[in-house]
Structures are given as structure tokens and as C-alpha cells.
Amino acid sequence: MHLTQEEQDILAGSQGEVMQKVLRTIVAFGDVFGAERLIPIEGPIHFVNTTAMAGLDAVYAHLDEIIGAGIKTLQPFTVDPYPMDFVNIETTEEQKKEFLRIYEPQDRYIEQLLKIGLKSMDDFSCACYLPQIGNIPKKGQIIAWAESSAVVYANSVLGARTNRNSALIELFCGIMGKVPEFGLLLDKNRKATWKIEVRTSEKPSATVLGSAVGRKVMEDVPYITGLEKYLGTTQDGDTQDYLKDLGAAAASNGAVGLFHVEGVTPEALDLGEELLAEGYQTYVIDDQVLADTVASYPVLWKDKKETPVLCLIGCPHLSLTQVQNWYHKIVDRLEKEGKERLAVQTIFLTPPAVIKEFKKDEAAFERLTKAGVNLSNTCPIMYMTNPLCAARPVVTCSNKARTYSTARFYEDDDLLEVIVTGDPERRNA
Ligand code: F3S
């Protein structure tokens, strides 16, 4: 890698031993991927690793070294969701004990993050780009993120540029203000090697479409056509929410870090089919492909007929509009059924700032609580890391949560039926 004189000086120790180690790590990371130089970070910092797990002592020791040297990130950062919530999710004493065992160094770790640059205790969310949090990179800006759902959103929906870095690498880049130039930071790698033609009879579920795309293209870049008529050419909040869920599913069911949607996403608006790389492959997604995709998801419960005990909605975290939409859907459906309360305890996962905003509508918040829905800023996967929670019948409409846990997947309307009735076989008629 070609380094500037200043970078060489840092590697020689001009800014102390800790900065020397930080830069050495970034350079070694870049070398692995064939980067030729470091380039400045231009946009905001987001850190993926919010969980402190017992056994990762080397990580906490590194962070102590950084703090001891008085080093912080160049700008304050946001971080993924907090891993536990004993207030808004009913937790037994045994479950709580297990959480505290798994996440034993959590308090120490959060203290470390606050010292290194974490903005505040309100800045825990994987959807840091939502307006209520405001950690939003601009089109063309170079950033260094690692959270897969945020990486694919930043690249695809906002037109920023980031690779899917490793945890800690993005923190080190945030300290140095530089990132190795390779992968999706370069124009040539932002071209699509797949053309995905969506030919469905109606607007496809974002999370199922993302799953089908991810499974097909894996880590490649897809150029998706056929969605313009459903999404329109101006990105409004609903479109951004749709693309958020599509991207998270593509990133978790495959390893997609960037997708283009013809006539919708920024680079596709600028360049259209010029984004298609020479020799690209084509894949058609129709109603049958989506139905087959859903049918292929395994149910990992011991007893498939068991009544679900918990429903987790919001992976990635829900936007305010999504919280409001789910609120209306649930209340309307309960009214139709003549019921006050859902049969299944339900949690909306969403950032602290969105919770505050939703609570301003006191009547809606009261009605939602009466319906048996709580708002939480935790993460379903971190919740399901606890084996005592993973052993229970949990339902979700998130493809990412389905992929990384034992939660059973339903599409939105089917999930609504399941949580209203408690019947896991119930489907939207
Ligand atoms: Fe976010 Fe946790 Fe899902 S970090 S994307 S809620 S796995």
C-alpha cells in the first residue's frame, strides 16, 4: 500500500504507540483486500458492536489502551441496538441471569464506548440513518461501517460508499479518519453483475424479495428492475422503509452490500443500465419464486403447533412510519375481532428517539400498550442469543431475524393473524 509521509510517520510512532497500532491494523486489513492507499472518511461513523460478551477480554483491553492514550473517534458515533431490555420484554429470573452471564462485561464496555466517542445512551440503533437519529451519510461520501443492514442501506439507498468492514476496524478507521480504498469504494466495483427482473403480479414483500435476491446473487451487486411502478421515482419515507427491509434481507440471506433499483436508487437514477457490468447474468423473480422462497424457510421450533409466546417486529429497527402502520393494523384488526388484546406478547424494535416520538401521541401509546405491544430498542438476535429465549416459540416478519435465530417467519399479514389469534397455523385469508 502506498502511504503518505504522515501515515509512515504514524506507523513509525510519531503519534504514540496506540495510534501506531491502530494504523498498523487498518493497513494490514487494507493489504488483505489489495487496497493501494488510504482515503479520508467524509461521512458519519457508526459502530456495529454493541454487545459485550464474556471471553472477549482482548477487545476490552484494546479499548482501555485507546482510552488510556486519550484517543477518541474524530466525530461522535452511533452504535447498534442495546442487547438487553428487562423492562419492555417480559424476562424470567432464569433468563435474566443468563443474559447477565452472556453479556457480563456490558456496563464496562458501554462506559468504554462513551469515553471513545459514543454520542449518548439514546444512540443505540442499527437504523442510525433514520431522521430521528440523524446519522445520515450523504450521496458519494466515503464512510467505514460494518453493520450489514446499515452498510447496504448507506450504499444503495443513500448512495454513500462503504465496504462491509469488520467490527473494530470501523472504529479504528473512525479514530484515524481514514479507510483503505478497495471494494465498494471504487466505481468499477459498484457495477451490477446481475440484472434482477421483478415480474410479480403485485408489489412484492420487501423482505421476501430481498431474501430471493440475496440467495441468488450472494455477495454480488444486483440491478433490480420492475419495482419502479410500485415505488415511484421519488424516494419518500415508505420507499426508504421498503428498501431498508429489502436490503437487510439481501445482506443476511446472501451478503449483498449494494443493490441498485432502476429508476429509484441514486446511482440507478444517474446511470441507469450503464450500471450493468459487461457479461451480467439475468434472473427473473415472479410470484412462484417468492412463494418457493417462503416455503423453503425451515421452522426450527420443537413443536410446530405450539402457541407462540413472543412476536418480534423490527429487524432492522422500525421507522416511525412503520411503528404507526403496525399500530393501525393491529388496532383495526383487534376491533374487527372484538378483542382488546393480542394473544401473543408483541415487541416493536425501534430506536429510542422513535419511541419518544411515538409516545407523544399519548392515546395511541396507551391503546398499543393495552393491546399487549411494547416498544423496545433492543435487537431480536441479541435477545435470541440467550438459549432460554431461543428455545421458546417466537415469531417474526423479519428475514434477518429468521436467518440468524430460531424465530419462525411469517409475512406481515399472516403474522398479524397469528398474533391476534395465537394460532401458528392461521393465515391471512
Ligand atoms: Fe438491527 Fe439487530 Fe436486526 S442490529 S438489523 S435489529 S439483527
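Seven residue pairs are in polar contact across the interface of domain 2 and domain 3, with both residues of each pair at pLDDT 80 or more. That score comes up here because what you're looking at is a predicted model.

H10 gives the most, with nine residues. Sort the residues of this side by class and you get five nonpolar, five polar and five charged.

Let's zoom out to the whole interface. 15 residues of domain 2 are in contact with 15 residues of domain 3. The two domain centres, taken over C-alpha atoms, sit 26 Å apart. Between them, about 1000 Å² of area is buried, and carbon and sulfur atoms give 49% of that. Which residues of domain 2 lose the most area to domain 3? They are Thr-207, Lys-244 and Ser-252, and together they make up 39% of what the domain 2 side buries.

Here is how the domain assignment divides the protein:

| Domain | Residues |
|---|---|
| Domain 1 | 5–185 |
| Domain 2 | 191–295 |
| Domain 3 | 310–420 |

Now for the ligand. Where does it lie relative to domain 1 and domain 3? It lies between them, because both domains give residues to the shell around it. Among the residues that surround the ligand are Asp-80, Pro-81, Cys-126, Glu-147 and Ser-149, along with Cys-315, Pro-316 and Lys-400. Cys-379, Pro-380 and Ile-381 also belong to this group. By class, the shell has seven nonpolar residues, one polar and three charged.

Cys-315 and Pro-316 are joined by a cis peptide bond, with omega at about 10°. Pro-316 lies in the loop between strand S9 (310–313) and helix H13 (320–337).

Leu-168 is not a glycine, yet its phi is positive, at about 80°. You'll find Leu-168 in the loop between helix H6 (148–156) and helix H7 (169–176). Why do these two spots stand out? Most residues other than glycine have a negative phi, and most peptide bonds are trans.

Finally, back to salt bridges. One of the salt bridges pairs Glu-7 with Lys-178, whose closest N and O atoms are 2.7 Å apart. Glu-7 lies in helix H1 (residues 5–11) and Lys-178 in strand S4 (residues 178–180), so this pair ties together parts that are 171 residues apart in sequence.

Key: Residues numbered from 1 in each chain as written. Predicted model: local features only at pLDDT ≥ 70, side-chain atom pairs only at ≥ 80, totals over all residues. Heavy atoms only, no water. Near = heavy atom within 4 Å. Nonpolar A, V, L, I, M, F, W, Y, C, P; charged D, E, K, R; others polar. Domains from an automatic or database assignment. Contact = heavy atoms within 4.5 Å. Buried area = accessible area lost by both parts, 1.4 Å probe. Polar contact = N/O pair within 3.5 Å; in protein donor to acceptor, adjacent residues only side chain to side chain. Helix = DSSP H or I, 4+ residues; strand = E, 2+ residues; numbered from the N terminus. Salt bridge = Lys/Arg side-chain N within 4 Å of Asp/Glu carboxyl O.
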